[in-house]
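Please examine the model shown below, together with its sequence. The paragraphs that follow begin with a single residue and then turn to the chain as a whole.

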Amino acid sequence: MIVQTPLMTAEELAQLPDEGGRYELVAGVMHKMAAASYHHAKLANRFAHKLTTYVEAHQLGEVSGESGWVLATNPDTVRIPDAAFLVQRRVTAEAEVAGFQRGAPDLVLEVISPTDSYSEVAAKVDEWLAGGARMVVIIDPRKHIIRVHRSKTEAVTLHAADTLDGGDVVPGWRLPVHEIFA
């Protein structure tokens, strides 16, 4: 006998009591996420701090930490990036209320955790891009590189001597890669 677990919706996930856990939905199936390690959080914070400082100085939009984004429905997929940037024209009163944002942010940051496989990270990148993200930045602490995805076929690998460029997503923003791994 096959027992099927009922699929969860984004709305049901948002209504769960806050017991300190982080959960994502992948095609309606809830996945508990482990707490980020100190090193993981440090890398994400460095990136987000530098991005936030620039975005606020130039009034380009909003940067958020770990927030939920509904990338697909029926069945629902809700992902939580390490950081996200939403351009000013997309910042609305709706973004300021409880619940998850619909669609993807303009820029997504994911830091690879020790338990993440590269195939899992690639699947997340595809989901973010399919959901509408224009730039997905992957920090790989194992290899000390940053991969920047702007489409499923366009990815650039950056090393310590390189500089990340915000392009048309965050115009004028530049971040030397070595500053993330310093």
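Is N74 buried or exposed? In this predicted model, N74 has a relative accessible area of 73%. Because the threshold for an exposed residue is over 50%, N74 counts as exposed. The residue is found in the loop between β4 and β5.

The backbone at this position also deserves attention. Most residues other than glycine have a negative phi, and most peptide bonds are trans. N74 is not a glycine, yet its phi is positive, at about 55°. The peptide bond that leads from N74 to P75 is cis, its omega being near 0°. P75 is likewise placed in the loop between β4, residues 69–72, and β5, residues 77–79.

A positive phi is also found in another loop. H144, a residue other than glycine, has a phi near 55°. It lies in the loop that separates β9 (135–140) from β10 (145–149). Is H144 buried, partly exposed or exposed? With a relative accessibility of 42%, H144 counts as partly exposed.

A further positive phi, of about 50°, belongs to A27, which sits in the turn of the hairpin formed by β1 and β2. Two residues lie between these strands. Strand β1 covers residues 22–26 and strand β2 residues 29–33; the two run antiparallel and are joined by five bridges. Within this pairing, E24 has H31 of β2 as its bridge partner.

These local features belong to a chain with four helices and 13 strands. How does its radius of gyration agree with that of a compact globule, and what value does the chain have? For 182 residues a compact globule would have a radius of gyration near 16 Å, and the chain has 16 Å, so the two agree. The C-alpha trace spans about 55 × 35 × 35 Å along its principal axes.

Of the contacts with a separation of 6 or more, 54% are between residues 24 or more positions apart. Buried residues account for 40% of the 182 residues.

The chain exposes about 10000 Å², of which carbon and sulfur atoms supply 54%. Among its side chains, 17 are positive and 24 are negative. The centres of these two sets lie 6 Å apart.

Notes. Residues numbered from 1 in each chain as written. Predicted model: local features only at pLDDT ≥ 70, side-chain atom pairs only at ≥ 80, totals over all residues. Heavy atoms only, no water. Rg over C-alpha atoms; globule rule 2.2 N^0.38 Å. Buried < 20%, exposed > 50% of the residue type's maximum accessible area, 1.4 Å probe, protein only. Contact = heavy atoms within 4.5 Å. Areas by Shrake-Rupley, 256 points an atom, 1.4 Å probe, with all protein chains shown as cover. Lys, Arg positive; Asp, Glu negative; His and termini not counted. Charge placed at Lys NZ, Arg CZ, Asp CG, Glu CD. Pairing = 2+ DSSP bridges.
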